[in-house]
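Keep the viewer open and follow along.

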Amino acid sequence: MKPRVAVLCSGRGSNMTALITAARAPDYPAEIALVISDKPAAPALGFAAAEGIAAQAVPAAAFGRDRAAHERAIDAVFVAHGIEVVCLAGYMRILTPYLVGRWAGRMLNIHPSLLPKYPGLDTHARALAAGEAEHGCTVHLVTAVLDDGPILGQASVPVLPGDDEPTLAARVLAQEHILFPATLAAFVRQMHLPESTPTP
Ligand code: GRF
């Protein structure tokens with residue numbers, strides 16, 4: 001059976017769509033089994049549901065300031081769906097140590113910069129302001145530090161003369177849609193490798 005993957009997102013959901021699309025291929029090594037959004041109106045939920053994937057909003061508002069309680073509710077849905085790996089794809093909330101700890105080594109995030117450069121927001125504007133010749137995106141394991149954690153894959157794009165934030169963001173996003181499914185595939189394949197090869 002393929003490992004069951006949940007995608008957490010907050011909005012547009014283009015990376016979630018890319019993951020679902022890639023996972024339609026019979027030889028893709030993971031199943032996108034669940035999509036959760038903290039925003040009930042997220043377009044991502046509609047797309048996932050139309051694909052026959054369990055899609056659920058877990059709004060933060062119901063939990064007030066208790067972020068860990070919100071995450072416990074999300075985690076309960078992960079558990080109910082037999083999830084083994086979580087992908088953060090445009091999830092716009094900073095996680096508490098609770099959820100990070102629960103999914104340590106099994107939670108991936110995509111970030112629109114060549115980490116360790118430009119963690120946080122406004123990555124494209126910051127790369128342009130710094131006069132970078134190269135920019136890109138990163139998939140990494142999630143740790144307690146924002147946009148930190150072991151890097152699993154990166155893709156770079158050139159910054160071209162005349163670029164502005166939208167043109168650069170679009171060039172990076174096209175690479176995100178290739179990088180995330182490819183990195184998730186490589187990640188789940190190595191998850192199932194035997195820990196050690198027996199010696200004769
Ligand atoms: C992407 O740029 C991703 O790298 C960042 O948030 C954005 C989400 O876009 N973490 P989408 O919702 O996947 O279209």
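The report below goes from the sheet to the helices, the ligand and a few individual residues.

## About the model

This is a predicted model, in which local features need pLDDT of at least 70 and side-chain atom pairs count only at pLDDT 80 or more, while totals for chains, interfaces and linings use all residues. Residues are numbered from 1 along each chain as its sequence is written, and side-chain values use heavy atoms, with hydrogens and water left out.

## The sheet

Let us begin with the strands. Seven of them form an open sheet with mixed pairing, in the order β3-β2-β1-β4-β5-β6-β7. Because β3 (54-57) and β7 (151-158) each have a single partner strand, they stand at the edges, and one side of each is left without a neighbour in the sheet. From one strand to the next, the twist averages 20 degrees. Strands (E, at least two residues) and helices (H or I, at least four residues) are DSSP runs numbered from the N terminus, and two strands pair if DSSP finds at least two bridges between them.

Gly136 stands opposite Ser156 in β7. His140 is the bridge partner of Asn109, and His140 also stands opposite Ile151 in β7. Seven of the eight residues of β6 are buried, where buried means under 20% relative accessible area, exposed means over 50%, and partly exposed is in between (1.4 Å probe, protein chains only).

## Helices across the sheet

Helix α3 (residues 67-80) lies across β1 (4-9), β2 (31-37), β3 and β4 (85-88), and runs at about 160 degrees to β2. Helix α6 (residues 165-191) lies across β1, β2, β4, β5 (107-111), β6 and β7, and its angle to β7 is about 155 degrees. Axes here are lines fitted to C-alpha atoms, for helices over the stretch in contact, and angles run from 0 to 180 degrees between N-to-C directions. Contact means heavy atoms within 4.5 Å.

## The ligand and its surroundings

Which residues are around the ligand? They are Arg12, Gly13, Ser14, Asn15, Gly90, Ile110, His111, Pro112 and Glu176, each with a heavy atom within 4 Å of the ligand.

A polar backbone atom of Ile110 is 3.0 Å from a nitrogen atom of the ligand. The protein covers 85% of the 360 Å² of accessible area that the ligand has on its own, with areas from the Shrake-Rupley method and a 1.4 Å probe; for residues, only the protein chains shown count as cover.

Beyond its neighbours within four places in sequence, Asp147 is in contact with Asn109, His111, Leu115, Pro119, Gly120 and His140. Asp147 and Asn109 are 38 residues apart in sequence, yet 7.9 Å apart in space, C-alpha to C-alpha. Their side chains are joined by a polar contact of 3.4 Å.

Ser37 belongs to strand β2 and counts as buried because its relative accessibility is 0%. A polar atom of the Ser37 side chain lies 3.0 Å from the backbone oxygen of Cys9. Apart from neighbours within four places in sequence, the contacts of Ser37 include Cys9, Ser10, Ala42 and Leu45.

## Backbone details to check

The loop between β5 and α5 (123-129) holds Pro116, and a cis peptide bond with omega of about 10 degrees joins Leu115 and Pro116. Asp122 is in the loop between β5 and α5 too. Although not a glycine, Asp122 has a positive phi of about 55 degrees, and Asp122 counts as exposed because its relative accessibility is 53%. Asp147, another residue other than glycine, has a positive phi near 55 degrees.

Notes
Polar contact = N/O pair within 3.5 Å; in protein donor to acceptor, adjacent residues only side chain to side chain.
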